[in-house]
Amino acid sequence: MPRPLTPGDLIHGYAFGAFGRDSYDCRRIEAVGPDWIVTRDDTGATEFVSNRRSLELCQQARDEPCKAVNYGDSPCPFTAPSQGAPR
Ligand SMILES: [Zn+2]
C-alpha cells in the first residue's frame, strides 16, 4: 500500500495522464482531503483532483524523478532544496 498523498509532495510531469493527456507540468500538492487533492504548479495555477483513478495515478507518479529535461523543457521548478544549493 503506497504512502498517502501529503501536502508538499511533488508530482513531476505527465503523471501517467492524471491531469489530462496534454498536461506535462510539475506540481506540488497543496492540500489533501479524504478523497481529493489540490495541486499548484509553478505559475500558481491550482488544480482540484477528486476522481479515484487520477488520485491513484498521482500516487504512482509522486515518487518518480522529474523527466522535464527529457522533454527539452526548462529545468524543473520544484527541485529539491538540497540540489543546487550554494555551499
Ligand atoms: Zn519536475
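This is a predicted model: local features need pLDDT of at least 70, side-chain atom pairs count only at pLDDT 80 or more; totals for chains, interfaces and linings use all residues.
Once its neighbours within four places in sequence are left aside, Gln59 is in contact with Pro2 and Leu5. Gln59 itself is found in helix α1, which covers residues 52–62, and the separation between Gln59 and Asp9 is 50 residues in sequence but 9.6 Å in space, taken from C-alpha to C-alpha.

Of the contacts in the chain with a separation of 6 or more, 48% are accounted for by residues 24 or more positions apart. The chain has 87 residues, and buried residues make up 20% of them.

The strands can now be taken together. They form an open sheet of four strands in the order β1-β2-β3-β4, with antiparallel pairing. Since β1 and β4 stand at the edges and each has a single partner strand, one side of each is left without a neighbour in the sheet.

Going across the sheet from β1, the pairing of β1 (10–11) with β2 is antiparallel and rests on two bridges, and here Ile11 stands opposite Arg27 in β2. The next pair, β2 and β3, is likewise described as antiparallel, with five bridges, and within this pair Val32 stands opposite Ile37 in β3. The strands β2 and β3 form a hairpin, with four residues between them. Strand β3, residues 37–41, is in turn joined by four bridges to strand β4, residues 46–49, and these two strands run antiparallel; the bridge partner of Arg40 in β4 is Thr46.

The hairpin of β3 and β4 also has four residues between its strands, and in this hairpin Gly44 takes a positive phi near 95 degrees. Where does Ala15 lie in relation to the strands? Ala15 is found in the loop between β1 (10–11) and β2 (27–32), and although Ala15 is not a glycine, its phi is positive, at about 55 degrees. Phe16, found in the loop between β1 and β2, has a phi near 60 degrees, which is again a positive value in a residue other than glycine.

Which class of burial does each one fall into, buried or partly exposed? Ala15 is buried, because 24 other C-beta atoms lie within 10 Å, while Phe16 counts as partly exposed because it has 14 C-beta neighbours inside 10 Å.

Note on methods
Residues are numbered from 1 along each chain as its sequence is written. A residue is buried if 20 or more other C-beta atoms lie within 10 Å of its own, exposed if 12 or fewer, and partly exposed in between; C-beta atoms are placed from the backbone. Two residues are in contact if their C-beta atoms, placed from the backbone, lie within 7 Å. Two strands pair if DSSP finds at least two bridges between them.
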